[in-house]
2 protein chains.
Amino acid sequence: MSTTDHTHDPAAQSWVSSANEATGDFPIQNLPFGAFRRAGSDEDVRIGVAIGDQILDLKLAAERGRWSTAVQVLLQPLAQGDLNAFMAQPPVARLALRHALFEALLAGSKQEAALRGALLQQADAEMQLPCRINDYTDFYTGIHHAVTVGKLFRPDNPLLPNYKWVPIGYHGRSSSIVSSGTPLRRPRGQLKPPSAETPVFGASQRIDYELELGLFVGPGNALGEPIAMQDAEDHLFGLCLLNDWSARDIQPWEYQPLGPFLAKNFGSTISPWIVTMEALAPFRCGFERPAGDPAPLPYLDSEANRQQGSLDIELEVWLQTAAMREQDLAPVRLVRSNFRHAYWTLAQMLTHHASNGCNLNPGDLLGTGTQSGPLPEEAGSLLELTQGGKQAFNLPNGESRTFIQDGDTVILRAHAERAGARRIGFGDCAGRLLPALA
Amino acid sequence: MSTTDHTHDPAAQSWVSSANEATGDFPIQNLPFGAFRRAGSDEDVRIGVAIGDQILDLKLAAERGRWSTAVQVLLQPLAQGDLNAFMAQPPVARLALRHALFEALLAGSKQEAALRGALLQQADAEMQLPCRINDYTDFYTGIHHAVTVGKLFRPDNPLLPNYKWVPIGYHGRSSSIVSSGTPLRRPRGQLKPPSAETPVFGASQRIDYELELGLFVGPGNALGEPIAMQDAEDHLFGLCLLNDWSARDIQPWEYQPLGPFLAKNFGSTISPWIVTMEALAPFRCGFERPAGDPAPLPYLDSEANRQQGSLDIELEVWLQTAAMREQDLAPVRLVRSNFRHAYWTLAQMLTHHASNGCNLNPGDLLGTGTQSGPLPEEAGSLLELTQGGKQAFNLPNGESRTFIQDGDTVILRAHAERAGARRIGFGDCAGRLLPALA
């Protein structure tokens, strides 16, 4: 896809006036997909597209808009609330619908009158998980996270020898993935500080966030049929934010030899909108491996991936404590990072995952792993930011934190901007921690 | 449940005469659930119950049988092909349907004439996955497996310090779970022998089976709400056999620090019939921890679990090579083991999984981990049986093996028998390995 595609024209304006605000997440150049219910209703879940502070309800849009037959066919599963069926379509279908929606929402469009009645205020919607997530895999592409966390355990040898060869990943739990705004309960689990003789069962005292992106798979592959690097892009649907909540005191005791389990599966929060690869096209960039690093093995390498496989997406973590809410204080930003630091690209994650024939399905979620930047203040987790809980940080209202406290709300945000392109954003990925069960 | 329940009467006979053969897997005391299609048809998948060499088609049975209103309600989701909806019911519902089906299939039942037309030969059915498996978790409860495999890596300290405290588990891949009879392709992956400087990408040379049982979850729990040990049994639906195929040369290079990934997710084979906990009631037994072992933490302990938490289920691995098939030689048994050796019970697996609030759903699959017995010949994997590939074993036709070769079919079998009870079996869990892609 060329970035001269007119759906990326930074000057394009929508007849939905809130979409034209310069710092908004959802201008007409974005058009992310999400699932929603009218607040308080028990209607079936609907699929919509965010535009400004509104949602274009695709059920109503399919009924009321004037669409070509080809676009009607594309809209059909979406009108029925089935984003997975649309995700299974090839990129050309997504691009065709993107163009149709762009034209329909463009200032001066003849569709305005018909589609005004298909809009819903985002404030009046309860966002749901955007699609059925059958399988969830979490990768570990943030090399600065891997090094910093590795240093806590192995100061002389922080990065394991496989890191620069294998896009490390593991299976996560899909049932406990929740949409932004869903509160999560502080988990209990087996805790055994190194100094203790035996473990105890109790509430975790070291709850952390992890700043990640989540990749939604588009078309899948059959069991036994890998996906080559040159085909990988066709299988990428889009991205959301992902907070991989972690209990740092459950993890070290449980994770040998099979990996993290209850330290991670008590809840994972995702942002409600899937920003499509088509919308992200202007923010592609290359990634240069540091001198001396091995080249990726041929099955993970392609010229296109080297030139354009990475993405320049600004990432942020914000925090609002219970006291801040009571004092009417806005969330504060803790860190900024960027996805361009990731050591492995989305295409490499996907190709590696399917390289043994493992079958991916439309709607599967692939986490990128924690996206810390190279600087200490770009830490994608508190484990890094507070050096394993040893170095508290202060908040403007006088509170301090090493790990997340009950009542704290963690908000992940992301946006992409670049000269010559319109800024697009992801919307909030927010979750509040509730106290543990007694 | 009492084992004097008359559905466990070993003398009970069915009007389906093949169910009365002494060594059959599916007598009237068993009544496992499965999903099938008539061979060659493209009908919707139906739910059935195995009886002798037949399947009672629950769609036809619901239409043609004479059932109480209560039983009609229970049959409704099953008649619609939705085993998950039935799995969500409490154990009392399962017991009620078990009794109704038992009476209907009992020799002399007035239902015989009506239900004869609801039978299908198992030979004429294509078995499918029995239900929708949303999430799959694999545990590691086989302590003899953990010790033997541990010895290969750490001769002086084979068992990690958490093993006797934590029911170790990790998330698996649900998309690549296949029903018995589905061939699997030998995976390719990154291989790096310890002596090599750098990895290469190629076909795995060390394909292994793992002899496991799979637990299907019945009623689930809400996110944030653990399941106490005293309630755990209510959430257990039934068991199948599970072959957790493993690529032993992919695993060591990829698995640090987050656990096995592509070494395990290229395919997992399950047997098609779910043997219910009600059918397994007569085979309950206790498990005594060796003297000196720590008691389970209170959240994993109950008197009932100590007395009756384990299950006496005989497990077997059989092999038939391509040459044996050509020579018309039957499969040979490689090993026998028993599930009563498992260090953690099904209830402990489930309670631990939900102890942090992780939500389980009806139809979720929990693997038990490899069930090796205490003796070398009771090895649940070739890794153990051949000491990491160092000690080949010979087959009666003169072939030998260290790991699985292309064209080999691995068959897992299981049955339970005990004085005063009718023997019940699980049916075959079979899978053949196809050559790798070129």
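**Exercise 1. Strand S27 of chain B**

Task: In this predicted model, find how strand S9 (residues 184-185) of chain B runs relative to strand S27 (residues 429-434) of chain B, and how many bridges join them. Then treat strand S25 of chain B and S27(B) likewise.

Solution: 
- Step 1. Take S9(B) and S27(B). Two bridges join these strands, and they run parallel.
- Step 2. Pick out a pair. B:Leu184 has B:Leu433 as its bridge partner in S27(B).
- Step 3. Turn to S25(B), residues 409-416. Four bridges join S25(B) to S27(B), and this pair is antiparallel.
- Step 4. Pick out a pair again. B:Val410 is bridged to B:Gly431 of S27(B).
- S27(B) pairs in the parallel sense with S9(B) and in the antiparallel sense with S25(B).

**Exercise 2. A five-stranded sheet in chain B**

Task: Give the strand order of the open sheet of five strands in chain B. Which strands stand at its edges, and why is one side of each left without a neighbour in the sheet?

Solution: 
- Step 1. Read off the order. The sheet runs S4-S3-S2-S1-S5 in chain B, with antiparallel pairing.
- Step 2. Find the ends. Strand S4 (119-121) and strand S5 (125-128) of chain B are the edge strands; each has a single partner strand, so one side of each has no neighbour in the sheet.
- Step 3. On average, neighbouring strands are turned by 50 degrees against each other, direction ignored.
- Step 4. Look inside the sheet. S1(B), residues 33-38, and S2(B), residues 46-51, pair over four bridges in the antiparallel sense. B:Phe33 stands opposite B:Val49 of S2(B).

**Exercise 3. The sheet in chain A**

Task: State the order of the five strands in the open sheet of chain A, and name its edge strands.

Solution: 
- Step 1. The order is S4-S3-S2-S1-S5 in chain A, and the pairing is antiparallel.
- Step 2. Strand S4 (119-121) and strand S5 (125-128) of chain A are the edges; each pairs on one side only.
- Step 3. From one strand to the next, the twist averages 50 degrees.
- Step 4. Check one pairing. Strand S3 (residues 54-57) of chain A meets S4(A) over three antiparallel bridges. A:Leu56 stands opposite A:Leu119 in S4(A).

**Exercise 4. Relating the two chains**

Task: By what turn and what shift along the axis can chain B be laid on chain A?

Solution: 
- Step 1. The turn is 180 degrees and the shift along the axis is 0.0 Å; the RMSD is 0.0 Å.
- Step 2. The two copies are therefore related as by a two-fold rotation axis.
- Step 3. Locate the axis in chain B. The C-alpha of B:Gly259 is the nearest, 2.1 Å from the axis.
- Step 4. Compare the contact surfaces. Both copies use the same surface: 100% of the contact residues of chain B recur in chain A.

**Exercise 5. The largest pocket**

Task: What is the volume of the largest pocket, and which element gives the most to its lining?

Solution: 
- Step 1. The volume is about 1100 Å³.
- Step 2. The lining has 49 residues; A:Phe153, A:Arg248, A:Gln251, A:Pro252 and A:Tyr255 are the closest to the centre.
- Step 3. Strand S6 (136-139), helix H6 (143-153) and helix H8 (251-254) of chain A are the elements that give two or more residues. H6(A) gives the most, with six.
- Step 4. By class, the lining divides into 26 nonpolar, 11 polar and 12 charged residues.

**Exercise 6. Backbone details**

Task: Is the peptide bond from A:Gln256 to A:Pro257 cis or trans? Where does A:Leu31 lie?

Solution: 
- Step 1. The bond is cis, with omega near 5 degrees. A:Pro257 is in the loop between H8 and strand S16 (268-270) of chain A.
- Step 2. A:Leu31 lies in the segment before strand S1 (33-38) of chain A. Its phi is positive, about 60 degrees, although A:Leu31 is not a glycine.

Key. Residues are numbered from 1 along each chain as its sequence is written. Chains are lettered from A and ligands numbered from 1 in the order in which they are written. This is a predicted model: local features need pLDDT of at least 70, side-chain atom pairs count only at pLDDT 80 or more; totals for chains, interfaces and linings use all residues. Side-chain values use heavy atoms; hydrogens and water are left out. Two strands pair if DSSP finds at least two bridges between them. Axes are lines fitted to C-alpha atoms, for helices over the stretch in contact, and angles run from 0 to 180 degrees between N-to-C directions. On a 1 Å grid over the protein atoms alone, a cavity is a set of points where a 1.4 Å probe fits but cannot get out, and a pocket is an open set with protein on both sides within 12 Å along at least five of seven lines; lining residues have an atom within 4 Å of a point. Grid points are joined across faces, edges and corners, and a volume is the space filled by probe spheres set on the points. Ala, Val, Leu, Ile, Met, Phe, Trp, Tyr, Cys and Pro count as nonpolar, Asp, Glu, Lys and Arg as charged, and the others, Gly among them, as polar. Copies are superposed by least squares on the C-alpha atoms of residues with pLDDT of at least 70 in both. Contact means heavy atoms within 4.5 Å.
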